[in-house]
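Dear colleague,

Please find below the structure that I am handing over to you.

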Amino acid sequence: MLLKVIIYAYTQKVYSGRQIEKLLTENFYFMWLSGSQTPDFRTINRFRSDRMKDIIY
């Protein structure tokens, strides 16, 4: 779910974890992609950093 949200956010030129968290509660498209789940910005950033570690190694 987070991967879909992050990819969609990047296509909308939104890169901030806090801004993505805000959009998950305000924007219909983000709510639909997340299944109305609202992860914290820390969770979003941790997910991104974990994926970057996987890509690097």
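This is a predicted model: local features need pLDDT of at least 70, side-chain atom pairs count only at pLDDT 80 or more; totals for chains, interfaces and linings use all residues.

Residues are numbered from 1 along each chain as its sequence is written, and side-chain values use heavy atoms, with hydrogens and water left out.

Helix α4 spans residues 41-56; helices here are DSSP runs of H or I with at least four residues, numbered from the N terminus. Phe41, Ile44, Phe47 and Arg48 of α4 are buried (under 20% relative accessible area, 1.4 Å probe, protein chains only). Seen down the axis of α4, these buried residues fall within an arc of 125 degrees, so they line one face of the helix (the arc is that of the directions from the helix axis to the C-beta atoms). On the other side of α4, Arg42, Asp54 and Ile56 are exposed (over 50%).

The cover over the buried residues of α4 includes α1 (2-11) and α2 (17-26). In α1, Leu2, Leu3, Ile6 and Tyr10 meet Thr43, Ile44, Phe47 and Arg48 of α4, contact meaning heavy atoms within 4.5 Å.

Arg48, in helix α4, has a relative accessible area of 16%. Leaving aside residues up to four places away in sequence, Arg48 touches Ile6, Tyr10, Tyr15, Ser16, Gly17 and Ile20. The C-alpha atoms of Arg48 and Leu24 are separated by 16 Å.

Methods: Helices (H or I, at least four residues) and strands (E, at least two) are DSSP runs, numbered from the N terminus. The expected span of a helix is 1.5 Å times one less than its number of residues.
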